[in-house]
Amino acid sequence: MKRYLLKARKIPMDESYDVVVVGGGPSGCTAAAAAAREGAKTLLVESTSSLGGMGTSGLVPSWCPFSDKQRIIYGGMARHVFERSKAGMAHVGKEETDWVPIDPELLKRIYDDLVIGCGVNILFNSFMGAVEVGKGVVDAVIVANKSGLTAYKAKVFIDASGDADLAAWAGAKFQKGDPKSGELMPATHCFTLANVDEYVQKTSPLQWWESGPGTWRYKMLQKYPALTDGHMCKAHVGPGVFGFNAGHIWDVDNTVPETVSKALVQGRKIACEFRKALADFHPAFRNSFLVNTGSLLGIRETRRIVGDYVLTADDYMARRTFKDEISRNSYPIDIHAAKGEIGKVKKGNLDVMHRYEQFKAGESHGIPYRCLTPKGIRNVLVPGRAVSCDRIVQGSVRVMPNCLCMGEASGIAAAMALGKNGDVHAISTDSLRSRLKKHGAYLP
């Protein structure tokens, strides 16, 4: 039986900010930086001890493609972050644009410089614990950290939590997982291996998708049953160091802490098992060492807000353009295997991603501003993987280049909404697009 403390406690209120951003992943970083660059006094609340989310704390080892196979289409702050990240890695070519490795420590500093350089105040190790809302307007968020509880008021709030926590707690409508079963894509716990023999790896590379009976990866799964599947994306992140986005963990809901806690324990065991298996089956990894696992679990989907527009698979397939689009996207749709398909994976079908039609060189589709504005909530914007879209399209737009672009757009929009009494639905999207283009966005 639960007991509750009924004694009232006064919570201090900070009313000094125009814009409060919750979540310091890619979309939160560019959102906060863009809002502050536009002159809004901005606070960024981040639950971990560094910015960057999955590319830093989550150890995702490489950027998803930044090009449409002809040119970089994720411009503005996204391109700035990408180019700085690439420039700091001596083994990466200047002209590389797709699947470029990530140095997580370098990327942390890049985000620090971007956000602080624009004048944002950051609160690390701080969690949003509650939302104060009335009549479709968020008045304040309550944040918990070592100072206790503090309420932060603002005119506009940007929900970059990845799970639409702020929007959902404020009463915004949302969808979650598969429309019929509610099942979510599996999580992955990324990890890093060091002391890898680069020469052997280069001359006899570890392939992503070798599969089927008789292959070494098939045999590996049979010998190491703790490995859930053969999903094994990797990237060369430094001298003798490779990052892995490998394996899947099912039955994880990032809005249910008990499932995440269990998955982190399982993920650490899977990472250790992968090191043993690779050392056993591939000579380049014979003397490898497990350096670390992500402090964040790799979550692919949870809530998706219902916005003023819901981006659909038809929009994706039609390469649709919108008058209010704030960015373009050309990443393939990939939806990772449902739990019911584990049997197929164990039997040798190691391709655990369902890839739908991929765009030809030069093709892309637009992401409308209306996908960032939750219906019924006046002063909240939601960039990132929780953007308003159907589940199929979420399998494409959830990746970091898109999140960076959506974040910058939401930051500029938040600053513009200050002149509209905080109403993010009332801004001029023509003016927003003009501001984005000025700062290097790719908007044909």
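Here are the questions and answers.

Modeller: This is a predicted model, where local features need pLDDT of at least 70, side-chain atom pairs count only at pLDDT 80 or more, and totals for chains, interfaces and linings use all residues. Residues are numbered from 1 along each chain as its sequence is written, and side-chain values use heavy atoms, with hydrogens and water left out.

Colleague: Which residues of helix 12 are buried?

Modeller: Buried means under 20% relative accessible area, and exposed over 50% (1.4 Å probe, protein chains only). Helices are DSSP runs (H or I, at least four residues) and strands likewise (E, at least two), numbered from the N terminus. On the other side of helix 12, Asp430 and Lys438 are exposed. The buried residues in helix 12 (residues 429-438) are Leu432, Arg433 and Leu436.

Colleague: Why do the buried residues line one face of helix 12?

Modeller: The arc is taken from the directions from the helix axis to the C-beta atoms. Seen down the axis of helix 12, the buried residues line one face because they fall within an arc of 95 degrees.

Colleague: What covers the buried residues of helix 12?

Modeller: Contact means heavy atoms within 4.5 Å. The cover includes strand 15 (325-329) and helix 11 (400-417).

Colleague: How far apart are the end C-alpha atoms of helix 7?

Modeller: The expected span is 1.5 Å times one less than the number of residues. For the 25 residues of helix 7 (residues 257-281), that should be 36 Å. The model agrees, with the end C-alpha atoms 35 Å apart.
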